[in-house]
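Colleague: I would like to go through the aromatic residues of this model with you. Could we begin with how exposed one of them is?

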Amino acid sequence: MLDRQQRCSRRKFLASAAALTLAGGIASADGPAASPSAGRYAPPSPQDRKPLAIITTVYRPLSHSYHIGGRFLYGYALAGKPHVPNFRIASLCVDQTPDNDLSRDLARDFGVRVTRSVEDALTVGGRLAVEGVLLIAEHGNYPRNDKGQILYPRYEMMEQIAAVFRKTGRSVPVFNDKHLSYTFAKARKMIGWSEELK
C-alpha cells in the first residue's frame, strides 16, 4: 500500500512539474504568459481557435479529461517548442462531480460553458456550436457487470451526441477515448451512427 501511495505522489509531482514547465514557456497571442511563481498564467487566446465540446464522466485532477482537455486549454510542447492547438474547449458536459471536480474552475478561468446535458454542450440557440466533440468516459463511480467491466456510459453519451446531430442536421468529428463500449452490440451501433452521420 505504501508503494502505491508513493507512486501516486510521484505521479502528482510529475504532472505538476510538467504543468509548471509548460506554463513558463507558452505565451498567448496577447502577450507572454504570467510567471508560474505568480500562481497563475494566461491561457492561450481563444481568438481564431475552433470550439470543441468535452462530454465526459468526470473532470478531476489526473483524469483522462484533465490530460486531454488540458492540451487544448494550456497548449503543449511540440518538438521542444510551445504549441497552441487550433481548437479550444468551449463547453463541457460532466456526468459526475466528485469533491475534487475541476469544472467550476474551468468555467471561471477559461470561460468554458459547463452544462449538465449533452445537447446544451453542443448547441447554442438550437444550432450546433462546436467543430468537434471529445467523448471521454474513463473515470467515475459506475457499476460493474458480471465480467468485472466498469459500465462507463460511452454508448449512452454517443447516443445523445448522435441525437443532437440528427436534430441540428449537422455533424462534426467525434473523438472517443478508449474502446467504444463494453459490449460488441453497443460498439457496433456506435459505428453505425458514425457511418450514418458521416
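Modeller: Tyr74 has a relative accessible area of 29% and is partly exposed, where buried means under 20%, exposed over 50% and partly exposed in between (1.4 Å probe, protein chains only). This is a predicted model in which local features need pLDDT of at least 70 and side-chain atom pairs count only at pLDDT 80 or more, while totals for chains, interfaces and linings use all residues. Residues are numbered from 1 along each chain as its sequence is written, and side-chain values use heavy atoms, with hydrogens and water left out.

Colleague: What is the relative accessible area of Phe110?

Modeller: For Phe110 the value is 23%, so this residue is also partly exposed.

Colleague: What about Tyr142 and Tyr152?

Modeller: They form an edge-to-face aromatic pair, 5.9 Å centre to centre with 70° between the planes; ring centres of Phe, Tyr and Trp (its six-membered ring) must lie within 6.5 Å, and planes under 30 degrees apart count as stacked, over 60 as edge-to-face and the rest as tilted.

Colleague: Where do the two residues sit?

Modeller: Tyr142 and Tyr152 both lie in the loop between β8 (133–136) and α5 (154–168), ten residues apart; helices (H or I, at least four residues) and strands (E, at least two) are DSSP runs, numbered from the N terminus.

Colleague: Is Tyr142 buried or exposed?

Modeller: Tyr142 is buried, at 13% relative accessibility, and Tyr152 is buried at 11%.

Colleague: Changing topic, what is the mean pLDDT of the chain?

Modeller: The mean is 83, and 77% of the residues reach 70 or more; pLDDT is the predictor's confidence in each residue, from 0 to 100.
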